[in-house]
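Q: I'm new to this one. Can you walk me through it?

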Amino acid sequence: MQSLLGIVPLAPYRCLIVDPSLPEWLPELLVEDLRVGEATATLRFWREADGSSSFEVLAKRGTLRIIRQPPAESRHAGPGERLRDLIQTVVA
């Protein structure tokens, strides 16, 4: 699940990084009460018609920033994609 959703918890920074990539056989996934440090969050992930994946925060308790960002080890994510994802997270 961690790989499919691209979840990287950074509890000391009160941050959760996500970069979902759901396969065709898994069109939607709900993660309830995911704990990161002292905070918890409920997240909904889904696959778009074009094959991309999205997410939304349904509930959050405590201080936790949830950021969409490809992981540092990603070979396909360039600076443009990283910047776009960061902007979408801040604007949302």
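A: Let's start with one residue. R44 counts as partly exposed, because its relative accessibility is 22%. Keep in mind that this is a predicted model.

Q: Which residues form salt bridges with R44?
A: Salt bridges that share partners join E28, R44 and E56 into one network. Between R44 and E28, the closest N and O atoms are 3.0 Å apart. Between the side chains of R44 and E56, the N to O distance is 2.8 Å.

Q: Where do R44 and E28 sit in the chain?
A: R44 is in strand 4 and E28 is in strand 3. They are 16 residues apart, so the pair links distant parts of the chain. E28 is partly exposed, with a relative accessible area of 45%.

Q: And where is E56?
A: E56 is in strand 5, 12 residues from R44. This pair also links distant parts of the chain. E56 has a relative accessible area of 31%, so E56 counts as partly exposed.

Q: How many salt bridges are there in the whole structure?
A: A search finds three. One of them joins the side chains of R68 and D19, at 4.0 Å from N to O. R68 lies in strand 6, and D19 lies in the loop between strand 2 and strand 3. The two are 49 residues apart.

Q: Are R68 and D19 buried or exposed?
A: R68 is buried, because its relative accessibility is 14% and the cut-off for buried is under 20%. D19 is at 13%, so D19 counts as buried too.

Q: Let's zoom out. What is the chain made of?
A: Two helices and six strands. Along the sequence the pattern reads α-β-β-β-β-β-β-α. The chain has 92 residues, and 39% of them are buried.

Q: How many bridges join strand 3 to strand 4?
A: Seven, between residues 28-36 and residues 39-47. One example is L34, whose bridge partner in strand 4 is A41. Strand 4 and strand 5 pair over eight bridges. There, L43 stands opposite V57.

Q: What about the turn between strand 3 and strand 4?
A: That hairpin has two residues between the strands. G37 takes a positive phi there, near 65°.

Q: Which residues other than glycine have a positive phi?
A: R14 and D33 are among them. Phi of R14 is near 55°, and R14 lies in the loop between strand 1 and strand 2. D33 has a positive phi of about 55°, but D33 lies in strand 3. D33 counts as exposed, because its relative accessibility is 54%.

Q: How do strand 1 and strand 2 run?
A: They run antiparallel, joined by three bridges. P9 has L16 as its bridge partner in strand 2.

Q: What about the core? Which residues touch the most other members?
A: L16, V18, L43, F45, L64 and I66 do, in the largest nonpolar core, which has 16 residues. Strand 2 (15-18), strand 3 and strand 4 each give two or more residues to this core. Strand 4 gives the largest share, four residues.

Q: Why would nonpolar residues gather like that?
A: In soluble globular proteins, nonpolar side chains tend to be buried together.

Q: Back to L43. What does L43 touch?
A: Leaving out residues up to four places away in sequence, L43 touches L16, L29, L30, V31, L34, E56, V57 and I66.

Q: One last topic, the surface. What is the accessible area of the chain?
A: About 6,200 Å², and 54% of that belongs to carbon and sulfur atoms.

Note on methods. Residues numbered from 1 in each chain as written. Predicted model: local features only at pLDDT ≥ 70, side-chain atom pairs only at ≥ 80, totals over all residues. Heavy atoms only, no water. Pairing = 2+ DSSP bridges. Core = buried A, V, L, I, M, F, W, Y, C linked by side-chain atoms within 4.5 Å. Buried < 20%, exposed > 50% of the residue type's maximum accessible area, 1.4 Å probe, protein only. Contact = heavy atoms within 4.5 Å. Areas by Shrake-Rupley, 256 points an atom, 1.4 Å probe, with all protein chains shown as cover.
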